[in-house]
Amino acid sequence: MTELLKTPAHTPSPPGREHGFGRWFTGAVLKNGPLGGLLALVVVMAVLSRDFLNGQNLLNVGVQASVTAILAFGVTFVIVSAGIDLSVGSVAALAATVVAWAATNEGLPVWIAVLLGLAVGVAAGLVSGALVAYGRLPAFIATLAMLSIGRGLALVISGGSPIAFPTSVSRLGDTLGGWLPVPVLVMIAMGLIAALILARTYAGRAMFAIGGNEEAARLSGINVRRRKLVIYALSGLFAAVAGIVLAARLTSAQPQAAGGYELDAIAAVVIGGASLSGGSGKASGTLIGALILAVLRNGLNLLSVSAFWQQVATGLVIALAVLLDTLRRRSAR
């Protein structure tokens with residue numbers, strides 16, 4: 001009996017300690033899921049294809065991600081504020097068409113043509129923002145209407161045919177030093193601008209406030225209607241830049257270009273960790289989301305996977321990202 005009394009008794013763990021690591025690990029996975037998913041996807045593709053980690057192929061992945069990422073940076077502003085923008089693909093095609101038409105057909109100086117194309121993107125965003133903020137239309141309907149309007153105007157201006165892009169602007173699709181793609185540099189620059197707007201400006205803070213609780217944002221003194229105009233105008237501006245980069249790569253403005261890119265942009269934002277219910281999102285996550293889509297498609301192409309199955313794989317990745325977003329919000333609650 002004495003020996004038994006001298007034997008140290010097992011001390012039970014404090015309540016919850018045995019589950020502490022599990023909660024921490026789950027939270028870390030949910031918080032850093034996009035980056036972990038990108039790294040895991042890179043490893044899988046490198047194992048399955050010897051050509052994937054080739055330097056030239058990795059640069060191709062960056063080029064493939066560039067247009068989607070630039071579009072997605074603009075869409076990030078909208079989704080953070082609990083909105084949606086389905087028009088960015090059409091606005092991109094319209095802006096590029098205007099640049100080519102003004103410079104090639106009308107003979108305007110190239111810099112004026114580029115400014116005109118950017119202004120068209122901003123104007124399209126302002127119209128969508130006005131329909132949402134002042135017309136009280138659901139963002140889905142307002143931007144769906146702009147999707148049709150933008151594509152129609154691009155077809156009208158171009159007559160349904162591609163227009164040669166100005167040579168000086170087409171250099172945006174070239175490489176520096178024979179190896180560094182300019183579209184990747186533009187993507188990085190636009191990403192830094194988006195990150196700066198979200199993290200360091202009043203407009204960015206207003207986006208998060210509106211997305212978190214629009215009524216509370218209004219009561220706190222934020223002019224929600226005016227902020228929404230700014231948000232959609234920024235989305236239109238980023239779409240115009242993406243359209244110019246895409247046309248530079250193609251060396252022509254094609255009115256049917258960027259078809260379906262709006263869905264890729266939204267997917268990149270969601271995969272990058274932004275919540276469709278608003279109030280969360282960041283530019284770095286959006287970039288990771290665009291890279292995940294580009295890596296997935298590039299790797300599947302190297303593996304000679306059918307384009308039909310590539311669509312299935314992309315859909316599964318989007319579904320998984322939304323599921324992780326749901327789990328993350330439940331974990332936060």
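Glu214 counts as partly exposed because its relative accessibility is 28%, where buried means under 20% relative accessible area, exposed over 50% and partly exposed in between (1.4 Å probe, protein chains only). This is a predicted model in which local features need pLDDT of at least 70 and side-chain atom pairs count only at pLDDT 80 or more, while totals for chains, interfaces and linings use all residues. Residues are numbered from 1 along each chain as its sequence is written, and side-chain values use heavy atoms, with hydrogens and water left out.

Glu214 forms a salt bridge with Lys228, at 3.2 Å from N to O; the term denotes a side-chain nitrogen of Lys or Arg within 4 Å of a carboxyl oxygen of Asp or Glu. This pair links distant parts of the chain, 14 residues apart, with Glu214 in helix 11 and Lys228 in helix 12 (residues 224-250). Helices are DSSP runs (H or I, at least four residues), as strands are (E, at least two), numbered from the N terminus. Lys228 is buried, with a relative accessible area of 14%.

Arg218 is partly exposed at 35% relative accessibility.

Glu215 is a further partner of Arg218, with the closest N and O atoms 2.8 Å apart. Glu215 and Arg218 are three residues apart in helix 11, so about one helical turn separates them. Glu215 is partly exposed, its relative accessible area being 43%. Through shared partners, salt bridges join Glu214, Glu215, Arg218 and Lys228 into one network. The whole structure has four salt bridges.

## Helix 13

Helix 13 (residues 261-271) is largely enclosed by the rest of the structure, because nine of its 11 residues are buried.

## Annotated transmembrane regions

An unreviewed UniProt entry lists "transmembrane region" for several spans, among them residues 61-79, 86-104 and 229-248. UniProt positions follow the numbering used here, feature names are shortened, and annotations may be inferred rather than shown by experiment.

Residues 61-79 are 100% helix and 0% strand, with end C-alpha atoms 25 Å apart. For residues 86-104 the values are 89% helix and 0% strand, and the end C-alpha atoms lie 29 Å apart.
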